[in-house]
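Please read the points below alongside the model. They are set out in order from the whole chain to single residues.

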Amino acid sequence: MRAMILKEFRELRRDHRTLGMLVGMPIMLLIVFGYAANFNVDSIQTATLGPQAAQAAQLLGQVPNAPFDVVTTDPGGDSQTAQDMLQRNEVDVAVVTGTQPPVAYIDGSSLFTAQSAVAMFNRLGDRISVQILYNPDLKTSWVMVPAIIGLILTFIGTIITSIGMVKEKQSGTIEQLAVMPLKPSTVILGKILPYFLLASLDMVLVTVLGMLLFDVPFNGSVAVFALGAGLFLFVVLGLGVFISTISANVGQAIQTAFFFLLPQILLSGIIFPLDAIPWGVRWISYFLPLTYFTMISQGVMLRGAPLDSLWFPLLMLTILAVVVFTGAVLRFRRTLAPGGRR
């Protein structure tokens, strides 16, 4: 028995990846849930519009413990201005004056922010009328389904791709590529494209089912959604290939995939609103592809956001695609090199 116990400890000491799971995962979960598990929204980006815009800003500032952060005061704005600002995700709330009572337009696609804003306006009684756009009933499913589409594709793309390539490595077929006149970038693309096509079909299926089962609307451009989804799929599939290049077997691939998947579940804004996560942890969110796909899918499906208003998440997905693809190519080149690490 003593010999068996010592043997297991020696194997764990040599298996750095499993040791990392045993030690690093509990620490990461403690930090993430300790800091990120927060549904309280500390800042609601607000615009006040119309002839009494300044007075409206003062009124919001007088609400006790209100998280309203007035970033725009425009006396020339009207209700159309307010709706455009919300559609483009420039603010969370836009208060339009000039009518009695003033109207507060709230972006219902940001569920927790909208719920906080409604609670704050209820304190003002009938001094401000509330109108919720893009998710008038504040349905959780309307907000969750666009994000879950990305989460499902993250699991499929990362795990399935990494396992597929590791199996080839274990069977020895990957070594045959070393003697073929193929560039590593060509090999990576060849590995990604079949999974890309299959994942695209999954994306269409999951999106349509989400709309049918949960009555989620699709208010925006299919082309913009497809562009964002295509970039996102390229990132997660490339990530799967990269994981396979640093894994010797299927078990290691799955362990590594979970290291990449868990932060995306907890820190991408699916469960906890980004604005409620402290900066000490939130910075991780901006390196996660699911964060940007969620912005795109919710923006297109719920708000009908135009292409130019989604330039930032599209740009970040493009950068992540380049970084991940380059990393996968460099690692794969080492694998194919004579005497390279396999």
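1. Basis. This is a predicted model, in which local features need pLDDT of at least 70 and side-chain atom pairs count only at pLDDT 80 or more, while totals for chains, interfaces and linings use all residues. Residues are numbered from 1 along each chain as its sequence is written, and side-chain values use heavy atoms, with hydrogens and water left out.

2. Overall make-up. The chain has 12 helices and five strands; helices (H or I, at least four residues) and strands (E, at least two) are DSSP runs, numbered from the N terminus. Of the 342 residues in the chain, 48% are buried. Buried here means under 20% relative accessible area, exposed means over 50%, and partly exposed is in between (1.4 Å probe, protein chains only). The accessible surface of the chain is about 16500 Å², and carbon and sulfur atoms hold 65% of it. Accessible areas come from the Shrake-Rupley method with a 1.4 Å probe; for residues, only the protein chains shown count as cover.

3. Contacts along the sequence. Among contacts in the chain with a separation of 6 or more, 74% are between residues 24 or more positions apart. A contact means heavy atoms within 4.5 Å.

4. Salt bridges. The structure holds two salt bridges, each defined as a side-chain nitrogen of Lys or Arg within 4 Å of a carboxyl oxygen of Asp or Glu. R88 pairs with E90, with 3.4 Å between the closest N and O atoms. R88 also pairs with D308, where the closest N and O atoms are 3.1 Å apart. R88 sits in the loop between α4 (79–87) and β3 (93–96) and D308 in the loop between α11 and α12 (311–336), so this pair ties together parts that are 220 residues apart in sequence. Through shared partners, the salt bridges join R88, E90 and D308 into one network.

5. Are its members buried, exposed or in between? R88 is partly exposed at 29% relative accessibility. E90 is partly exposed at 44%, and D308 is partly exposed at 45%.

6. Aromatic pairs. The whole structure contains eight aromatic pairs. For F218 and F225 the ring centres are 5.4 Å apart and the planes are at 75 degrees, so the pair is edge-to-face. Rings of Phe, Tyr and Trp (its six-membered ring) pair if their centres lie within 6.5 Å; planes under 30 degrees apart count as stacked, over 60 as edge-to-face and the rest as tilted. F225 is buried, with a relative accessible area of 5%, whereas F218 is partly exposed at 23%. W283 and F287 make another edge-to-face pair, 6.1 Å centre to centre with 85 degrees between the planes. W283 is partly exposed at 46%, and F287 counts as exposed at 56%. One aromatic cluster is formed by F218, F225, F232 and F293.

7. S297. Which helix holds S297? The residue lies in α11 (residues 289–303) and is buried, with a relative accessible area of 0%. A polar atom of the S297 side chain is 3.3 Å from the backbone oxygen of T294. Polar contacts are pairs of N or O atoms within 3.5 Å; within protein, one must be able to donate a hydrogen and the other to accept it, and residues adjacent in sequence count only if both atoms are side-chain atoms. Leaving aside neighbours within four places in sequence, S297 is in contact with P146, A147, F225 and L302.

8. V224. V224 is in helix α8 (residues 222–245) and is buried at 9% relative accessibility. Not counting residues up to four places away in sequence, V224 touches V300, L307 and L310. V224 and L310 are 86 residues apart in sequence, and their C-alpha atoms are 8.9 Å apart in space.

9. Surface patch. V204, L205, V208, L209, L212, L213 and F214 form a nonpolar patch on the surface, with about 680 Å² of accessible area together. Patches are made of residues with over 30% relative accessible area and no salt bridge: like charges are joined within 9 Å, nonpolar side chains (Val, Leu, Ile, Met, Phe, Trp, Tyr) within 5 Å. L209, one of the patch residues, lies in helix α7 (residues 184–214). L209 is partly exposed, with a relative accessible area of 38%.
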